[in-house]
Amino acid sequence: MSDKDPWYLEDNKPSLRMWVLSQMAAGAGWGALVFFGVVLLIFALIAISTLLPDDPFAALETGQFVSALV
């Protein structure tokens with residue numbers, strides 16, 4: 001027999017609690033990343049919408065871009 005004990009009899013065996021905690025923390029990190037990414041996308045769309053005119057056909061009614069379309 002060898003003098004080395006199996007891993008499950010050693011004092012420094014892997015902890016299932018630490019593995020579960022690390023997996024849950026990684027999942028929470030990815031969830032937070034996706035959540036804040038979606039929030040930033042929504043705020044970017046709101047910022048772009050404030051730059052656009054309220055009436056998209058208002059420039060056509062004034063005749064500014066009529067020559068470009070004809």
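Student: Is I42 buried, exposed or partly exposed?
Tutor: In this predicted model, I42 is partly exposed, because its relative accessible area is 44%, which lies between the 20% and 50% cut-offs.

Student: Which helix does I42 lie in?
Tutor: I42 belongs to helix α1, which covers residues 16-51.

Student: And which residues form a nonpolar patch on the surface?
Tutor: I42 is one of them: the patch consists of V34, V38, I42, F43 and I46. Together these residues have about 470 Å² of accessible area.

Student: Switching to the whole chain, how many helices and strands are there?
Tutor: The chain has three helices and zero strands. Going along the sequence, the pattern reads α-α-α.

Student: What share of the residues is buried?
Tutor: Buried residues account for 0% of the 70 in the chain.

Student: How much accessible surface does the chain have, then?
Tutor: About 6,900 Å², with carbon and sulfur atoms contributing 71% of that.

Student: New topic: how many aromatic pairs turn up in the whole structure?
Tutor: The search finds one aromatic pair. The partners are F35 and F36, whose ring centres are 5.2 Å apart.

Student: Why is that pair edge-to-face?
Tutor: The ring planes of F35 and F36 sit at 70°, so the pair is edge-to-face; the cut-off for that label is over 60 degrees.

Student: Back to accessibility: why does F35 count as exposed?
Tutor: F35 counts as exposed because its relative accessibility is 52%, and exposed means over 50%.

Methods. Residues numbered from 1 in each chain as written. Predicted model: local features only at pLDDT ≥ 70, side-chain atom pairs only at ≥ 80, totals over all residues. Heavy atoms only, no water. Patch = residues over 30% accessible without salt bridge, like charges linked within 9 Å, V, L, I, M, F, W, Y side chains within 5 Å. Areas by Shrake-Rupley, 256 points an atom, 1.4 Å probe, with all protein chains shown as cover. Salt bridge = Lys/Arg side-chain N within 4 Å of Asp/Glu carboxyl O. Helix = DSSP H or I, 4+ residues; strand = E, 2+ residues; numbered from the N terminus. Buried < 20%, exposed > 50% of the residue type's maximum accessible area, 1.4 Å probe, protein only. Phe/Tyr/Trp six-rings, centres within 6.5 Å; stacked < 30°, edge-to-face > 60°.
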